[in-house]
Amino acid sequence: MSGARRIAGRVLVRWETLLVVAIVGVGIWSVTLSPFFLKRANLLDLVTPYVFIGLMAFGLTFVVITGEIDISVASILAASIVCFAQIFAAGVNVWPAAIACLGIATALGLANGLLVGVLNLPSLAVTLGTMAAYSGLAFVVLSGEGVATFPSSFTKFGGGYLAGNELPVALLVMLGFAIALGVLLHRTRFGRYLFAIGSNREAARLSGIPVTRVRVTVFALSGLMAGIAGLVYVGYFGSARADAAQGSLLDIVTAVVLGGVGIFGGTGSMPGVLLALILVAEVRNGMQLANLSGQLQNIVIGALLLAAIIAGNLIGSAQEGGFQPGKLRRRRKGVTSDKRAEAKVLVDSNP
Amino acid sequence: MIARFRAMKPQELAAAAFRLRELGIVLALVGVVIFFGARATNFLTGSNWQDIAQNVSIVVVVAVGETMVILTRNIDLSVGSIVGLCGYLVAATLVHHPSIPVEVVALISIAIGLGLGVVNGLLVAVARIPAIIATLATLAIFRGIDAEITGGKNITAYQLPDRFLRLAASKPAGFPALAWIAVGVAVLGAAMLRWAPWARDFYAIGSNPDAARFAGIRAGRRVITAFALSGALAGLGGFLFASRFPTLDSFAANGFELTVITAVVIGGVNVFGGSGTILGVVLGAVLVATISDGFTLLRLSEFWKIFFNGLAIVVAVTIDALVTRRLQEALRRRRAGLLVAPGAGADA
């Protein structure tokens, strides 16, 4: 293969390019379903109901790049906003209550981080446990009923609009976090540490990276993002309930994986996750236009998640020279001494 | 005591640790029984034991399959959805064709579960999707199919034929029928994991996937087998679930995977694969079901159960990790000192 063709091939199979193509494609499909799809107000409002999912996906991105997983984020959201609601209902001003909410969310994430980072427990088992524990906690704190008396000065961050009632505030919040976290991930030393740890934890440790501290921080950050997502959620839906964000884990994981974040750690980009979130929102919106039930939508999103990984595997093996089928061979899950990842970090640590 | 441990061979030391692990569950169980016996007036009654036995049975049947998957260093989150889907299909089949023998319906349910399990296995072994992601997706997909089939309707007990409903209530030899089935599955599962070469491979794959492959084990096929068994047993679990809780809608057994995984993890199966026993899993299931039953009798909210299930997973994983680390250190020191023959595996 000549050099020019190879470069062209690389741009073509770049993950973000594929996402943009998919977004345009789904957009065309949506237009055939409803002529109102292309209205400016609708386009701007497309992502608003999924902003809280996006914020959690951003937090999870950091965790997954480090080679771990956090499936407790939706439960952290629920647990932190019911505490927020209880504090607010007790007569505390909404802003200190919101800060307390973020503190609680960070603490819950920190608990995950200490178990994974310090005790070296598998993050899958830990966050599976805390997912249940936190969501149980949410129901214990605020059983059944919801709190819905938040002032509009607060709820506008999740459900308010600017510029003649067309530009959703939540969209700006999400873009703001996408940029800030994108800079943190791609332009700071901390961000580089994440890729290094995700590629080869042992090598990262030997080269002097404070692995334990970084891994704990990443889970705390994921918790904090779940708390921020919770505040946006309360703003958008106007109420805090213990079953908030239940069932959103599928969308969160789909946004991260579809965004091109390698599930074995070490690769991924913030723009990719943002594009994937837009795609998920667009697909859900389109399916609503087509009158598909929520459960049927979940089937499609689940299939999308699987397709994203299969496509990623295919592209990966195509780039490495020649497609090799699975051959019924298990790839290693361990992070410590993955030779493939080790080799990969030299080639494409940061797309 | 310590001197006795010093004198042990590595295999014996590992086996001793496992016995201690199982002893720990038994002690916890005794404590739980004493606690609820003192607190809840109707806890120590015969009919309550029957209840617990029936609930344990369904968990055990599904947990034996989940154990096989976790032994291979994978996880199956979709079992709750498979139980729900198969349970509804069992009930719907019996409503529309009341004359079909119950055994045939059970076989159909197992076959459907097997098919769904094979799908999981192919996604993990052939499409190389990590089990957590693959089964998270199929959890949603299978539940979605369930919801599409039910179409928002539900099936109630009085639509079902009597001989099906009698199954859960029947007590051959004074023991609930469900418990007999669970004992059969557990004994068979334990025997396979002890003696069948293909099931021994699960331990090898979970302990060290690369080494297993170099040793000539066809890891992919074995992983598919594990997922297929997990699916088939979840299908059987769905059949039992329908006979025990004959009012079914699309949310039946929602979140059941958490109970199953809690039982497996409390039972001492290493979440990194490679070690664990069916005896431990059965004890873990008994502990989980007993605690859950006690909570119900004390009229504590359903959500305290979820909270405790989650907490139990974290605590069990923490204890296991700490014990394993100690054990490995001890083994390493022993090997360095005594030049004990290689091959003393960690899988007891």
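At what angle do the axes of helix 3 of chain B and helix 11 of chain B cross? They cross at roughly 170 degrees and come within 7 Å of each other. Keep in mind as you explore that this is a predicted model. It scores ipTM 0.85 and pTM 0.86. Let's begin with confidence and then walk through the two chains.

**How confident is the model?**
- Chain B has a mean pLDDT of 87, with 92% of its residues at 70 or more.
- Within chain B, helix 5 (residues 102–125) has the highest confidence, at a mean of 95, while helix 1 (residues 2–6) has the lowest, at 60.
- The pLDDT falls below 50 over residues 343–348 of chain B, although this stretch still has 15 contacts in the model beyond near neighbours in sequence.
- Where pLDDT is low, the predicted coordinates should not be read in detail.

**Where the two chains meet**
- On the chain B side, 49 residues are in contact with 44 residues of chain A.
- Several helices of chain B each supply at least two residues to this side, among them helix 10 (209–214), helix 12 (256–266) and helix 14 (302–338).
- The biggest giver is helix 6 of chain B, with 13 residues.
- Sorted by class, the side of chain B that touches chain A has 34 nonpolar, 7 polar and 8 charged residues.

**A helix pair in chain B**
- Two packed helices are described by the angle between their axes and the distance between the axes.
- Angles over 145 degrees count as roughly antiparallel, and therefore helix 3 and helix 11 of chain B are roughly antiparallel to each other.
- From helix 3 of chain B, residues including Ile58(B), Val62(B) and Val69(B) take part in this contact; from helix 11 of chain B, the residues include Phe227(B), Leu233(B) and Leu240(B).
- The residues of this contact divide into 15 nonpolar, 5 polar and 2 charged.

**A closer look at Val62(B)**
- You can find Val62(B) in helix 3 of chain B.
- Is Val62(B) buried or exposed? Val62(B) is buried, because 36 other C-beta atoms lie within 10 Å and 20 or more are enough to count as buried.
- Leaving out residues up to four places away in sequence, Val62(B) touches Val79(B), Val83(B), Leu233(B), Ala234(B), Gly237(B) and Val260(B).
- Val62(B) and Ile110(B) are 48 residues apart along the chain, and their C-alpha atoms are separated by 11 Å.

**Chain A: overall picture**
- Chain A contains 16 helices and 2 strands.
- Of its 351 residues, 51% count as buried.
- Take the contacts in chain A between residues at least 6 apart in sequence: 79% of them join residues at least 24 apart.

**A helix pair in chain A**
- Helix 8 (residues 152–159) and helix 9 (residues 169–187) of chain A pack at an angle of about 65 degrees, and their axes are 5 Å apart.
- Helix 8 and helix 9 of chain A are therefore roughly perpendicular to each other.
- Here Lys156(A), Phe157(A) and Gly158(A) of helix 8 meet Val169(A), Ala170(A) and Val173(A) of helix 9.
- By class, that contact has 4 nonpolar, 1 polar and 1 charged residues.

**The nonpolar core**
- Which residues touch the most other members of the largest nonpolar core? They are Met56(A), Leu77(A) and Leu277(A), out of 227 residues in that core.
- Not counting residues up to four places away in sequence, Leu277(A) touches Val47(A), Tyr50(A), Ile53(A), Gly54(A), Ala57(A) and Ala255(A).

Technical notes. Residues are numbered from 1 along each chain as its sequence is written. Chains are lettered from A and ligands numbered from 1 in the order in which they are written. This is a predicted model: local features need pLDDT of at least 70, side-chain atom pairs count only at pLDDT 80 or more; totals for chains, interfaces and linings use all residues. pLDDT is the predictor's confidence in each residue, from 0 to 100. Helices (H or I, at least four residues) and strands (E, at least two) are DSSP runs, numbered from the N terminus. Two residues are in contact if their C-beta atoms, placed from the backbone, lie within 7 Å. Ala, Val, Leu, Ile, Met, Phe, Trp, Tyr, Cys and Pro count as nonpolar, Asp, Glu, Lys and Arg as charged, and the others, Gly among them, as polar. A residue is buried if 20 or more other C-beta atoms lie within 10 Å of its own, exposed if 12 or fewer, and partly exposed in between; C-beta atoms are placed from the backbone. Axes are lines fitted to C-alpha atoms, for helices over the stretch in contact, and angles run from 0 to 180 degrees between N-to-C directions. Angles under 35 degrees count as roughly parallel, over 145 as roughly antiparallel, 65 to 115 as roughly perpendicular and the rest as oblique. A nonpolar core is a set of buried Ala, Val, Leu, Ile, Met, Phe, Trp, Tyr and Cys residues joined through C-beta atoms within 7 Å.
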